[in-house]
Amino acid sequence: MRNVTRREALAALAGLGLTGFLGACGNSSQTASSTAQTEEKTDDVVVRVASLKGPTTIGLVNMMNDTAGIPADGGNLSQAGEAEEGSGITYAYQMSSAPDEVLPLVIQGTADIALVPSNAAAVLYAKTKGEVQVIDLNTLGVLSVVTGDSSIQQFEDLAGKTIYISGKGSSPEYVMNYLLEQAGIADSVTMEWQSEHTEVASVLASDPSAVGVLPQPFTTATLAQNSALAAPIDLTDVWEKYAGDTGSLYVMGATIVRSEFAEEHPQAVADFLSRHAASVQKSSDDVAGTAALVVQAGIVAKEPIAEKAIPQCNIVCMTGDEMRDGLTGYLQVLYDADASSVGGALPEDDFYYNA
């Protein structure tokens, strides 16, 4: 799989307004057998999967290891490996650092399946006129407020504060804007946008009294490195407080497929979903083994940190009605706050994949 340069990525995304990096991970909501069984025979196919070098890939690492393998030095996973002897389905993986590197792969047709920020999935649907579909939800809320300021115990205590955060133009920005508005403190909070989560962690390391917002596993890693810091506020709890009655879930990440690929290779999509669900379940059942693979892939530096972070990461594999209801409600909240955050209009029914 050819790597897209950053210049090419930004050019391809000129009309999308999508930057930033999704961080998220947790426990599976369902399991499935390791191989999807269908009566339909398909030709040999390589399923090209793109993901983010972060928590969204944690739910994939067991599947990667079983199919194509994980290079010892991490980085891009571009080799293909057969899912199961005689199945005719092989997988090739590529990890990138930010959505503006992953999304062009889908637009250009060089990736078939991609794990992306949930609102980015809706924007892509709008921009491509329905050429992508969401096949599962892979990550629920994982953002936390991190600070050494003991006066901050609840979300409303952020009034008058400056918050260091990354993910401008993607889910973190829209979620924070919505929650600050709902809490009635938007006008009194200053957002200082950083290009990467590591920059937020660096600010907190130099000034523990500062206030940052980080996803897992960055939250766990940052707390491990500085005992003066704490994570007093989980934004998933805040979402439940202010949006719980909307029927939405706080959905950080969704898995999308190119509609053309799904139509041509439904058995391959079914195989991916089956393996993804099993991989997510294994990340819960075998945390230590998954942590080793996460480190091997270069997602987290040390296994003890990965082991602590994985159970907090809200990694899921939600499909069907659960996927539709949770994501529809979430996108509705974002649409009401800022229609452009979901591409200007809510997706139609064909956005949600039906096996």
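Q: Which residues are buried in H4?

A: Burial is read from relative accessible area: buried means under 20%, exposed over 50%, and partly exposed in between, with a 1.4 Å probe and protein chains only. In H4, the buried residues are Pro99, Asp100, Val102, Leu103, Pro104, Leu105 and Val106. Seven of the nine residues of H4 are thus buried, and the helix is mostly covered. The model is predicted: local features need pLDDT of at least 70 and side-chain atom pairs count only at pLDDT 80 or more, while totals for chains, interfaces and linings use all residues. Residues are numbered from 1 along each chain as its sequence is written, and side-chain values use heavy atoms, with hydrogens and water left out.

Q: How many helices and strands does the protein chain have?

A: Helices (H or I, at least four residues) and strands (E, at least two) are DSSP runs, numbered from the N terminus. By that count, the protein chain has 14 helices and 12 strands. Buried residues account for 55% of its 355 residues.

Q: Among contacts between residues at least 6 apart in sequence, what percentage join residues at least 24 apart?

A: Contact means heavy atoms within 4.5 Å. Of the contacts between residues at least 6 apart in the protein chain, 80% join residues at least 24 apart.

Q: How many of the residues of H5 are buried?

A: Eight of the 10 residues of H5 are buried, so this helix is largely enclosed by the rest of the structure. The buried residues are Ser118, Asn119, Ala120, Ala121, Ala122, Val123, Leu124 and Tyr125. Their cover includes helix H4 (99–107), strand E4 (113–117), strand E5 (132–140), H6, strand E11 (251–258) and helix H14 (320–337).

Q: Is serine 118 buried or exposed?

A: Serine 118, found in helix H5 (residues 118–127), counts as buried because its relative accessibility is 0%. Not counting residues up to four places away in sequence, serine 118 touches Ser171, Val251, Met252, Gly253, Ala254, Leu327, Tyr330 and Leu331. Sequence separation and spatial separation can be read together here: serine 118 and leucine 327 are 209 residues apart along the chain, and their C-alpha atoms are separated by 7.9 Å.

Q: Where is the place of serine 248?

A: Serine 248 is in the loop between H9 and E11. With a relative accessible area of 8%, serine 248 is buried. Leaving out residues up to four places away in sequence, serine 248 touches Trp239, Ala243, Gly326, Gly329, Tyr330 and Val333.

Q: At roughly what angle do the axes of helix H6 and helix H9 cross?

A: Axes are lines fitted to C-alpha atoms, for helices over the stretch in contact, and angles run from 0 to 180 degrees between N-to-C directions. The axes of helix H6 (residues 171–183) and helix H9 (residues 235–243) come within 10 Å and cross at roughly 55°. That makes H6 oblique to H9; angles under 35 degrees count as roughly parallel, over 145 as roughly antiparallel, 65 to 115 as roughly perpendicular and the rest as oblique. The crossing of H6 and H9 is left-handed, meaning that the near helix is turned anticlockwise from the far one by less than a right angle.

Q: Which residues of H6 and H9 make the contact?

A: H6 contributes Val175, Met176, Tyr178, Leu179, Gln182 and Ala183, and H9 contributes Leu235, Val238, Trp239, Tyr242 and Ala243. These residues divide into 10 nonpolar, one polar and no charged. Ala, Val, Leu, Ile, Met, Phe, Trp, Tyr, Cys and Pro count as nonpolar, Asp, Glu, Lys and Arg as charged, and the others, Gly among them, as polar.

Q: What value does phi of lysine 129 take?

A: Phi of lysine 129 is near 55°, a positive value in a residue other than glycine. Lysine 129 lies in the loop between H5 and E5 and, at 76% relative accessibility, counts as exposed. Asparagine 314 also has phi near 55°; this residue is in the loop between helix H13 (303–309) and strand E12 (315–318), and at 27% relative accessibility asparagine 314 counts as partly exposed. Just after H4, glycine 109 takes a positive phi of about 80°.

Q: Is the peptide bond from glutamine 216 to proline 217 cis or trans?

A: The bond is cis, with omega near 0°. Proline 217 is in the loop between strand E9 (211–215) and helix H8 (218–225).
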